[in-house]
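Let's take a friendly walk through a protein model, one part at a time. Have the sequence and the 3D view ready.

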Amino acid sequence: MSRFPGQSYPREQVTEATLAASELLEVLWGRGQETARSAQVSPSQLRALLVIEEHEGTNLRALADELGSRPPAVSRLCDRLEAMGLAERCQSATSRREVELRLSLRGRAFLEEYRAARTGEVAAIVARMDPAQVADLASGLAAFRRAAALHRTAKEAKEAKGGRPVAGRRTFGADGADSADTA
């Protein structure tokens with residue numbers, strides 16, 4: 001927020017500032033990943049772990065959709081996570097044909113260690129801000145998350161109404177036939 005009442009920042013300036021902040025966060029997160037030495041994971045493996053944690057029991061197709069990848073690539077990614085002892089595949093309780101993905105105890109410990117290191121980096125920076133700036137940042141980030149959730153919901157609604165399907169997502173024709181999206 002502007003320190004001057006009635007004055008607002010142009011959206012382009014805010015977009016640039018957000019991108020700069022996200023790049024800084026990527027650097028800080030990289031430090032957190034390097035600090036969490038219990039397991040060396042790639043950025044794509046880390047994203048998969050975070051999605052699996054958020055959507056415990058997700059299947060490969062849903063994970064692929066979340067990651068914006070194709071199910072075969074995600075299956076190989078999960079093979080590596082399972083070999084590292086960070087994730088587990090379990091048979092679904094609702095469908096014998098479906099496999100659910102869960103974090104292992106080692107995967108949970110890795111994410112805790114990773115977050116602790118990342119929290120230390122971010123907390124050191126926030127400690128250098130004055131209380132009003134911290135409040136503005138918290139309010140702005142909350143608004144950003146709400147807008148991101150609305151954007152995602154609108155995008156999913158558009159796809160459900162016949163917009164471009166997400167890669168790897170199965171679609172059903174008017175005759176009910178199941179076909180994999182290969183676009």
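In this predicted model, helix α2 passes helix α3 in a right-handed crossing. On the α2 side, the residues that make the contact are R47, A48, V51 and I52, and they meet L63, E66 and L67 of α3. Sorted by class, the residues of this contact comprise 5 nonpolar, no polar and 2 charged.

How are these helices placed in the chain, and at what angle do they pack? Helix α2 covers residues 43–54 and helix α3 covers residues 60–67; the angle between them is about 120°, and their axes are 10 Å apart. Angles from 65 to 115 degrees count as roughly perpendicular, and those over 145 as roughly antiparallel. The pair α2 and α3 is therefore oblique.

Helix α2 has another partner to look at. Helix α4 spans residues 71–83, and its axis comes within 10 Å of the α2 axis, crossing at roughly 85°. That makes α2 and α4 roughly perpendicular to each other. Here S44, Q45, A48 and L49 of α2 touch L77, R80 and L81 of α4. The classes in this contact are 4 nonpolar, 2 polar and 1 charged residues. Notice that A48 turns up again: it is part of the contact with α3 and also of the contact with α4.

Is E100 buried or exposed? With a relative accessible area of 14%, E100 is buried, because the cut-off for buried is under 20%.

| Side chain | Partner side chain | Distance |
|---|---|---|
| E100 | S92 | 3.5 Å |
| E100 | R102 | 2.7 Å |

Leaving aside residues up to four places away in sequence, E100 touches G57, T58, E88, R89, C90, Q91, S92 and A93.

Finally, step back to the whole chain. How many helices and strands does the protein chain have? There are 6 helices and 4 strands. Starting at the N terminus, the order of elements is α-α-α-α-β-β-α-α-β-β. The protein chain has 183 residues, of which 22% count as buried, and E100 is buried too. Among contacts between residues at least 6 apart in sequence, 51% join residues at least 24 apart.

Technical notes. Residues are numbered from 1 along each chain as its sequence is written. This is a predicted model: local features need pLDDT of at least 70, side-chain atom pairs count only at pLDDT 80 or more; totals for chains, interfaces and linings use all residues. Side-chain values use heavy atoms; hydrogens and water are left out. Buried means under 20% relative accessible area, exposed over 50%, partly exposed in between (1.4 Å probe, protein chains only). A polar contact is a pair of N or O atoms within 3.5 Å; within protein, one must be able to donate a hydrogen and the other to accept it, and residues adjacent in sequence count only if both atoms are side-chain atoms. Contact means heavy atoms within 4.5 Å. Axes are lines fitted to C-alpha atoms, for helices over the stretch in contact, and angles run from 0 to 180 degrees between N-to-C directions. Helices (H or I, at least four residues) and strands (E, at least two) are DSSP runs, numbered from the N terminus. Angles under 35 degrees count as roughly parallel, over 145 as roughly antiparallel, 65 to 115 as roughly perpendicular and the rest as oblique. A crossing is left-handed if the near helix is turned anticlockwise from the far one by less than a right angle, and right-handed if clockwise. Ala, Val, Leu, Ile, Met, Phe, Trp, Tyr, Cys and Pro count as nonpolar, Asp, Glu, Lys and Arg as charged, and the others, Gly among them, as polar.
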